[in-house]
Amino acid sequence: MYSRAYQRFVALPPLAWVTLFLLVPYAFLFCYSFWQVRSGAVIHAWTLRNYGELVRNPLYFDVLLRSARIAASVTLLALLLGVPLAYFLSTRVQQHKNLLYQLVIIPLWVSYLVRAYAWKTILGGTGVLNTLLVYCGILHEPAGFLLYSPFAVILTLTHIYTPFVFLPVYASMEHIPRSLVEAAHDLGASNVRTFWSIIFPLALPGVIAGATFAFVLSLGDFIAPLLIGGPNGVMISNIVVSLFGAAYDWPLGAAISLCMLLLVVFLITGTERLERRLQGGL
Amino acid sequence: MPSPLLAVKRVSKRFGATQVLDNVTLDIAESEFLTILGESGSGKTTLLRIIAGFEQAMSGEIWMRGQRLDTLPSNKRNVYTVFQSYALFPHLSVFENVAYGLRAKKVRGGEISERVGAVLAQVRMTDYAQRRPAQLSGGQQQRVALARALVNRPDLLLLDEPLSALDASLRVHMQGELHALQRETGITFVFVTHDQEEAMALSDRIAVLRGGRIEQLDTPRTLYNQPRSCYVASFIGKTNLLRAQVRNGIARAGNFCWPVAIPDGEVLFSLRPENIKLVSAAEIPREGAIRLKGTVRRSVFSGASEMLEVECDGGIVLKVRVATSAITSPEVSLEISPEYMIPLVEKE
């Protein structure tokens, strides 16, 4: 169709972009992770000490585990919210479907920071929730565990990442031919049976994609834990941030980043393969 | 007729400003093969969907064996549907597709495999039980869709243009299978199609639907030989439509006339092309027959027969079906028995 020269020409800018802003930084990251900091200066001598430190010091593994736990909780909650919402919107709603769909999307237009701060105002000691609970006499004094805790982080991240689950699930549900649902009813299936035997299995690729989004994005999040996580809500990315910042240990930060990167790539390829297998079975 | 299996009583349905079904009344007998025939937009699929329970009628009632049907949800009706696109569950094997209805009714496992096995044998799909629908041809998917409905021993089976997705030769083959299956099982079939030949080949009775109303409900033979309206006459098979003036028991069109037993006025008559005989001018006219002279303007060969367009004296053009190469010269004589002149009701 197009000449080879033209094809190369249009491929050049994106290639240059990816090389300059992704591949080169990754290469730097890779190199840094094998270097060291001694008395405030980076020594360009190859060593495995950073990776050794990650294995030796249980702190890093504990924080990673906590991050994974938080990400898993967020994923589970986002699924519990996003899947029923998608089902409801895709099969039950007749009127104002578009409006409701937009309402789910609109939070994505609001800055992440604003939404995180909003939760701070809701959950804080003098926040909306505590004031209300005390006013109603349910609590005698404001509850402290609401803010600056893993709970607050999970709540905020669930709020932020539920649309990421909803969207792919909704898309796959919309792709299920209406006649399949009618056929299930015709054959005597109740709504519950139709959901579990037809709709959910056919929407599974979307569910897996949504769950992957929620898990990967929460795992690498550092703003929510920074703003509302408190000391117990610290996640692995906060450690990377501090290593690249105040602690000034770029090599160790690079090593952690690289481990995270591998973990995420591994996860994404795994779920992608699963999705493709499910779709291939159809 | 003995008490019907299904009685559709004065059912109406409207989508927005469009009247899709207008006071449809229809009785269906036990073990009958009834076809709802109509062009797209005639409301035939909507009628089927209302019987299945996918749509609600706005007024009217549906009764089955003396019980109200239209108040039940679709999963509580012993009425099963074969969908136009088959609607097989893509993630389930053929066996599980067929077993779906039985599992929903919590039938025992042993009985499930027994019944599914039997029905798959009936549609000759036993060897494909473990395949997925995507691995089957169109005809095979069609059989699975049939089996999936039949395994539930329905009182009534609804088929929504089930053959329209198949190519022509396979379609004729499946028509035969469908017909045999209906005779074998004795299950009442309601079949929706826009293909009049298919309807004629399969049905005990045909309901011709037009603009949400039943135009005529009769056996294929009656429908063909005694069409009541202009629409039915020209929709089913080919015909000549003649506008005639009726006065005192005599109808006149152009410069020929014949006796009729209908009131005076302007009436449209249907005359099937095969009911016009080609005769030699020397032959003595039969008693009471109409004799015409004409010129062949065009002839269309179609294998067993030939369709002639004959311009008669007086300007009327008639389609005449004759055996191949029956004509030797363009000047012909035609003979028509008056009983083949079928008076029609025009759109009221």
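1. Between chain A and chain B there are 7 residue pairs in polar contact, both residues being at pLDDT 80 or more; a polar contact is a pair of N or O atoms within 3.5 Å, where within protein one must be able to donate a hydrogen and the other to accept it, and where residues adjacent in sequence count only if both atoms are side-chain atoms. On the side of chain A that touches chain B, the elements giving two or more residues are helix H8 (178-186) and helix H9 (191-219) of chain A, and H8(A) gives the most, with 7 residues. Helices (H or I, at least four residues) and strands (E, at least two) are DSSP runs, numbered from the N terminus.

2. A word on the basis of these values: this is a predicted model, in which local features need pLDDT of at least 70 and side-chain atom pairs count only at pLDDT 80 or more, while totals for chains, interfaces and linings use all residues. Residues are numbered from 1 along each chain as its sequence is written, chains are lettered from A and ligands numbered from 1 in the order in which they are written, and side-chain values use heavy atoms, with hydrogens and water left out.

3. How many residues of each chain are in contact across the interface? In chain A there are 19, and they are in contact with 25 residues of chain B, contact meaning heavy atoms within 4.5 Å. The two chains bury about 1800 Å² between them, 59% of it on carbon and sulfur atoms; buried area is the accessible area (1.4 Å probe) that two parts lose on being put together, summed over both. In chain A, Glu182(A), Asp186(A) and Leu187(A) lose the most area to chain B, together 37% of what that side buries.

4. The count between the two chains is 1 salt bridge, that is, a side-chain nitrogen of Lys or Arg within 4 Å of a carboxyl oxygen of Asp or Glu. Arg49(B) and Glu182(A) meet in a salt bridge through their side chains, at 2.6 Å from N to O.

5. Ser197(A), in helix H9 of chain A, touches His91(B) and Tyr100(B) when residues up to four places away in sequence are not counted. A polar atom of the Ser197(A) side chain also lies 2.6 Å from the backbone oxygen of Arg193(A).

6. Chain B has 8 helices and 20 strands, and of its 348 residues 51% count as buried, where buried means under 20% relative accessible area, exposed over 50%, and partly exposed in between (1.4 Å probe, protein chains only). The C-alpha trace of chain B spans about 80 × 45 × 35 Å along its principal axes.

7. Is Gly212(B) buried or exposed? Gly212(B) is buried, because its relative accessible area is 0%. Its place is in the loop between strand E9 (205-210) and strand E10 (213-218) of chain B, and, not counting residues up to four places away in sequence, Gly212(B) touches Val20(B), Leu21(B), Asp22(B), Val24(B) and Ser42(B). Gly212(B) and Thr18(B) are 194 residues apart in sequence and 9.8 Å apart in space, C-alpha to C-alpha.

8. Arg143(B), in helix H4 (residues 138-150) of chain B, counts as buried because its relative accessibility is 12%. Leaving aside neighbours within four places in sequence, Arg143(B) is in contact with several residues, among them Val123(B), His173(B) and Glu177(B).
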